[in-house]
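Hello,

Here is the structure for you to look over. My notes on it follow below.

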Amino acid sequence: MTRSLVCYNMAMNSIDKLTEYFTKFPSIGPRQAKRFVHFLLTRNSSFLYEFTDLIKQLKKEIRVCESCSKFYSADDDSNLCRICKNPNRDNSLLMIVAKDADLENVERVGNYDGMYFVLGGLLPILEKEPEKRIRIKKLLELIKKRNGDLKEIILALSLNPEGENTLDYLSQQIKTVSTKSPIKITTLGRGLSTGTELEYLDNNTFENALKNRV
Ligand SMILES: [Zn+2]
């Protein structure tokens with residue numbers, strides 16, 4: 001009995017532990033997680049070394065942009081990402097997205113030339129501490145600082161219950177700080193179907209949703 005328990009614990013050390021890590025990734029279940037571990041087991045040593053090195057480098061090389069909160073690879077001492085540094089972008093427009101992947105998708109489509117803010121998530125219904133879930137404080141400070149220059153805020157959030165809830169919360173909060181000059185708040189509502197994930201939007205749907213924002 002004791003012996004088999006020891007064996008089980010030993011097995012826990014690598015395959016099961018790593019599987020547990022992969023299950024923490026978004027949308028990854030235990031079966032898929034185990035498949036990743038088995039895949040790694042079939043790779044040669046150089047693949048595994050490079051893979052682990054890259055993971056170690058992530059925190060060293062990647063920064064969070066001081067303005068939009070996007071992750072970016074720093075190539076100089078600037079605290080701003082490439083988009084926030086670009087003088088040709090229209091800084092009277094601010095698009096709010098839930099996560100980096102959404103921003104990247106909008107950039108890939110390429111017809112938006114304003115600025116961004118990455119919230120870092122969405123608010124579940126009845127969330128008691130919104131400021132712990134999303135970067136609301138940082139967003140409101142940014143809006144206060146730019147009130148006057150900022151003409152429109154586009155809430156580009158997924159159309160699911162969490163997205164709708166976040167949208168209502170943000171609309172209320174933005175109104176409390178945009179006192180100097182009123183900011184138009186729009187959404188990508190029209191053109192998107194319910195449940196749509198911004199991250200997976202195709203170019204045409206996104207272009208229409210941006211053009212027909214309300
Ligand atoms: Zn930025």
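**Zinc site**

Cys-68 is buried, because its relative accessibility is 1%; buried means under 20% relative accessible area, exposed over 50%, and partly exposed in between (1.4 Å probe, protein chains only). Before going on, some ground rules. This is a predicted model, so local features need pLDDT of at least 70, side-chain atom pairs count only at pLDDT 80 or more, and totals for chains, interfaces and linings use all residues. Residues are numbered from 1 along each chain as its sequence is written, and side-chain values use heavy atoms, with hydrogens and water left out.

Cys-68 (SG) is one of the protein donors of the zinc ion; the others are Cys-65 (SG), Cys-81 (SG) and Cys-84 (SG), lying 2.3 Å from it. Donors here are N, O and S atoms within 2.8 Å of the metal (3.2 Å for Na, K and Ca); water is not among the atoms, so sites may look incomplete. The spacing of the donor residues in sequence is C-x2-C-x12-C-x2-C. The pair Cys-65 and Cys-81 links distant parts of the chain, 16 residues apart. Cys-65 sits in the loop between β1 (62-64) and β2 (71-73). Cys-81 sits in the loop between β2 and α4 (82-85). Helices (H or I, at least four residues) and strands (E, at least two) are DSSP runs, numbered from the N terminus.

What is the arrangement of the four donor atoms around the zinc ion? It is tetrahedral, because they subtend angles of 108 to 114 degrees. The rule for four donors to count as tetrahedral is that all angles lie between 85 and 135 degrees. The ideal angle for four tetrahedral donors is 109.5 degrees.

Cys-65 counts as buried at 0% relative accessibility, and Cys-81 counts as buried at 1%. The disulfide count is zero, where a disulfide is a pair of cysteine sulfur atoms within 2.5 Å.

**Backbone points to check**

Two residues have positive phi.

- Ser-69 has a phi of about 70 degrees although it is not a glycine. Ser-69 lies in the loop between β1 and β2. It is buried, with a relative accessible area of 0%.
- Leu-126 has a positive phi of about 65 degrees, and is not a glycine either. Leu-126 is in the loop between β4 and α6 (130-133). At 74% relative accessibility, Leu-126 is exposed.

**Cores**

The largest nonpolar core has 47 residues. A nonpolar core is a set of buried Ala, Val, Leu, Ile, Met, Phe, Trp, Tyr and Cys residues joined through side-chain atoms within 4.5 Å. Met-95 and Leu-170 have the most contacts inside this core. At least two of its residues come from each of α4, β3, α5, β4 (114-118), α7 (136-146), β5, α8 (161-177) and α9. Another core, of five residues, lies apart from it; among them are Phe-22, Ile-28, Val-37 and Leu-40.

Which residues does Leu-170 contact, leaving aside neighbours within four places in sequence? They are Ile-96, Leu-119, Ile-134, Ile-136, Leu-139, Leu-155 and Leu-157. Contact means heavy atoms within 4.5 Å.

**Helix α9**

Helix α9 (residues 203-211) has Phe-206, Ala-209 and Leu-210 as its buried residues. They are on the same side of α9, because they cover an arc of only 100 degrees around the axis. That arc is taken from the directions from the helix axis to the C-beta atoms. Asn-204 and Lys-211 are exposed on the other side of α9. The cover over the buried residues of α9 includes β3 (90-97), α5 (100-109) and β5 (152-155).

**Single residues**

Ile-83 is found in helix α4. Its relative accessible area is 2%, so Ile-83 is buried. Not counting residues up to four places away in sequence, Ile-83 touches Lys-70, Arg-89, Leu-103, Glu-107, Met-115 and Tyr-116. Ile-83 and Met-115 are 32 residues apart along the chain, with C-alpha atoms separated by 7.2 Å.

Thr-187 lies in strand β6 (residues 184-187). Thr-187 is buried, with a relative accessible area of 16%. With residues up to four places away in sequence not counted, Thr-187 touches Leu-155, Leu-167, Arg-213 and Val-214.

Phe-39 lies in helix α2 (residues 30-42). At 40% relative accessibility, Phe-39 is partly exposed. Phe-39 and Leu-159 are 120 residues apart in sequence and 35 Å apart in space, C-alpha to C-alpha.

Best regards

Technical notes
Tetrahedral: all angles 85-135°; square planar, octahedral: opposite > 155°, others 65-115°.
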